[in-house]
Amino acid sequence: LQDLDAYLEGALAAWGVPQLAIGVMQNEAVLLQRGYGARRADQPGAVDEHTSFAIASLSKGFTAALVALLVERGQLAFDDPVQRHLPEFAVADAQVSRELTLRDLLAHRSGLQPEVDALWAFTGYQRPQLLERLRFAGQAAPVRSQFTYQNVHYLVAGEALARRGGRSWSKLLRRELLQPLRMSDSATTLREHSARPN
């Protein structure tokens with residue numbers, strides 16, 4: 001690790017990346033925790049090992065891990081139809097509504113029109129409102145025929161998890177993954193993340 005500082009400083013400059021934080025572990029021992037760069041380009045304050053970053057789509061991995069955890073416990077199965085856990089779930093095509101599985105959501109193979117994803121981004125809709133509006137979502141392709149990236153897939157999977165796990169996706173994530181991994185600096189909502197000073 002002795003050359004890592006110089007390497008990362010060079011990488012930040014080469015890629016034009018303003019900041020990063022890194023952790024290196026081996027056999028459950030923390031070998032390195034460090035931040036590089038400034039928290040904000042226009043304000044003082046260095047990144048450190050406690051700086052919170054918005055992880056955006058990396059949250060999909062957390063959702064998939066939660067699904068796998070509940071599958072391992074026998075609380076649901078990857079090939080369960082979504083409607084088994086969210087009976088109100090529907091898209092415009094009734095057959096797709098019945099057949100779509102959790103695995104289809106996680107693998108981005110619903111075939112829903114790409115424009116459906118705009119329902120989530122910056123609309124201000126809450127989860128129940130988004131689920132309600134999905135019933136108007138049409139197909140661009142048959143289910144399982146092609147990859148169609150959709151953030152809403154993971155919203156639906158998260159709601160199925162919440163229903164099956166007996167608490168919100170956010171609370172389930174904290175209890176099942178973040179706390180056991182001692183990720184105490186992690187936030188589960190954008191509001192919580194934005195309120196942190198670092």
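Leaving aside neighbours within four places in sequence, with which residues is Thr188 in contact? In this predicted model, the partners of Thr188 are Trp169, Ser170, Leu173, Arg174 and Leu178. Thr188 itself is placed in the loop between helix 8 (169–178) and helix 9 (190–194). With a relative accessibility of 11%, Thr188 counts as buried, because the limit for that class is under 20%. One of its contacts is polar: the side chains of Thr188 and Ser170 are joined at 2.3 Å.

Thr51 is situated in the loop between strand 3 and helix 2. Its relative accessibility is 12%, so Thr51 is also classed as buried under the 20% limit. Two polar contacts of the Thr51 side chain are described here. The side chain of Thr51 reaches the backbone nitrogen of Asp48 at 2.9 Å, and a polar contact of 2.8 Å links the side chain of Thr51 to that of Asn198. When neighbours within four places in sequence are set aside, Thr51 is in contact with Arg39, Ala46 and Asn198.

Of the elements, strand 3 gives the most, with 3 residues.

The strands were considered next. Strand 1 (residues 19–26) and strand 2 (residues 29–40) run antiparallel and are joined by 8 bridges. Within this pair, Val24 stands opposite Leu32 of strand 2. The two strands form a hairpin with 2 residues between them. Asn27, in the turn, has a positive phi of about 50°. Glu28 lies in the loop between strand 1 and strand 2, and this residue, although not a glycine, has a positive phi of about 65°. Glu28 has a relative accessible area of 70% and is therefore exposed, the cut-off for that class being over 50%.

Strand 2 also pairs with strand 3 (residues 43–46), in the antiparallel sense and over 2 bridges. Arg40 has Gln43 of strand 3 as its bridge partner. Strand 2 and strand 3 likewise form a hairpin, with 2 residues between them.

Most residues other than glycine have a negative phi. Arg144 is found in the loop between helix 6 and helix 7. The relative accessible area of Arg144 is 41%, so this residue falls between the limits of 20% and 50% and is partly exposed.

The largest nonpolar core has 33 residues, of which Phe89, Leu134, Val156 and Leu161 touch the most other members. Two or more residues of this core come from each of helix 2 (59–72), helix 5 (102–106), helix 6 (127–133), helix 7 (151–165) and helix 8. Helix 7 gives the largest share, 7 residues. Around Phe89, residues up to four places away in sequence not being counted, the contacts are Val82, Gln83, Ser97, Leu100, Leu134 and Val156.

Terms used: Residues numbered from 1 in each chain as written. Predicted model: local features only at pLDDT ≥ 70, side-chain atom pairs only at ≥ 80, totals over all residues. Heavy atoms only, no water. Helix = DSSP H or I, 4+ residues; strand = E, 2+ residues; numbered from the N terminus. Buried < 20%, exposed > 50% of the residue type's maximum accessible area, 1.4 Å probe, protein only. Polar contact = N/O pair within 3.5 Å; in protein donor to acceptor, adjacent residues only side chain to side chain. Contact = heavy atoms within 4.5 Å. Pairing = 2+ DSSP bridges. Core = buried A, V, L, I, M, F, W, Y, C linked by side-chain atoms within 4.5 Å.
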